[in-house]
Amino acid sequence: MSTAVRRRVLDLRTASEAVLADGMAAGDPACLAEVYRRWAPLVHRLAGRALGDSCDAEDVVQQVFLAAWRGRSGYRPELGSAAAWLTGITRRRIADALAARARRATLVDLAASRYSARTASVESALDRIVMTQELARLPVPQRTVLCLAFYEDLTQPQIAERTGWPLGTVKSHARRGMQRLSLRLGLVRGQG
């Protein structure tokens with residue numbers, strides 16, 4: 001660093017807010033660097049307290065000083081100090097960060113609910129396929145009794161009436177069919 005540059009940096013470190021504000025308004029990056037050196041810790045503290053996350057606070061610091069540089073012509077020292085001006089920008093950037101965080105949380109919740117609904121419907125469809133395959137493997141009388149009981153919600157006496165089989169036969173087919181299904185589905189689940 002040359003002597004002239006060192007002298008300029010030292011001059012800025014002791015410069016008043018008004019001098020720094022005038023330098024920033026004129027587009028002097030060295031003045032921005034000094035403003036950053038002086039007030040970045042304050043901005044970081046405010047953002048860190050509000051957001052509870054150091055990384056998010058660092059992002060806010062960068063956004064605040066970028067906004068200050070871009071809006072430097074709007075700074076009016078007669079209306080308040082540079083620290084107050086930067087604090088105002090910080091509050092707005094913190095509000096933006098919190099709103100973005102809320103939007104992300106909403107999107108994550110929405111995606112999770114859609115995923116779980118899809119997963120549940122996929123699992124339900126797979127269960128129906130497996131059940132249909134296993135019912136097809138049963139002897140016709142057992143399959144008939146179970147389909148009438150579960151899909152048409154008929155009682156055993158109603159099934160006996162519809163099929164013309166004795167009630168004892170319907171009960172036997174239902175019991176044997178359920179045992180076979182239980183055994184087969186237990187084996188199918190054990191394989192997965």
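Which residues line the largest cavity? In this predicted model, the lining consists of Glu-17, Leu-20, Ala-21, Met-24, Val-35, Tyr-75, Ala-82, Trp-85 and Leu-86.

## The cavity

A search of the whole structure turns up one cavity of 30 Å³ or more. The volume of the largest cavity is about 40 Å³.

By class, its lining has eight nonpolar residues, no polar residues and one charged residue. Two helices each supply at least two lining residues: H2 (17-25) and H5 (82-137). H2 gives the largest share, four residues.

## H2 against H3

The axes of H2 and H3 come within 8 Å. They cross at roughly 135°. Angles of 65 to 115 degrees count as roughly perpendicular, and those over 145 as roughly antiparallel. H2 is therefore oblique to H3. The crossing is left-handed.

On the H2 side, the contact uses Glu-17, Val-19, Leu-20, Gly-23 and Met-24. On the H3 side, the partners are Cys-31, Leu-32, Glu-34, Val-35, Arg-38 and Trp-39. These residues divide into seven nonpolar, one polar and three charged.

## H3 against H4

How far apart are the axes of helix H3 and helix H4, and at what angle do the helices pack? H3 covers residues 29-51 and H4 covers residues 54-70. Their axes lie 8 Å apart, and the packing angle is about 140°. H3 and H4 are therefore oblique to each other. H3 passes H4 in a right-handed crossing, whereas H2 and H3 cross in a left-handed one.

H3 brings Pro-29, Leu-32, Val-35, Tyr-36, Trp-39, Ala-40, Val-43, His-44, Ala-47, Gly-48 and Leu-51 to this contact. H4 answers with Ser-54, Asp-56, Ala-57, Glu-58, Val-60, Val-61, Gln-62, Val-64, Phe-65 and Trp-69. By class, the contact has 15 nonpolar, four polar and two charged residues.

Methods: Residues are numbered from 1 along each chain as its sequence is written. This is a predicted model: local features need pLDDT of at least 70, side-chain atom pairs count only at pLDDT 80 or more; totals for chains, interfaces and linings use all residues. Side-chain values use heavy atoms; hydrogens and water are left out. On a 1 Å grid over the protein atoms alone, a cavity is a set of points where a 1.4 Å probe fits but cannot get out, and a pocket is an open set with protein on both sides within 12 Å along at least five of seven lines; lining residues have an atom within 4 Å of a point. Grid points are joined across faces, edges and corners, and a volume is the space filled by probe spheres set on the points. Ala, Val, Leu, Ile, Met, Phe, Trp, Tyr, Cys and Pro count as nonpolar, Asp, Glu, Lys and Arg as charged, and the others, Gly among them, as polar. Axes are lines fitted to C-alpha atoms, for helices over the stretch in contact, and angles run from 0 to 180 degrees between N-to-C directions. Angles under 35 degrees count as roughly parallel, over 145 as roughly antiparallel, 65 to 115 as roughly perpendicular and the rest as oblique. A crossing is left-handed if the near helix is turned anticlockwise from the far one by less than a right angle, and right-handed if clockwise. Contact means heavy atoms within 4.5 Å.
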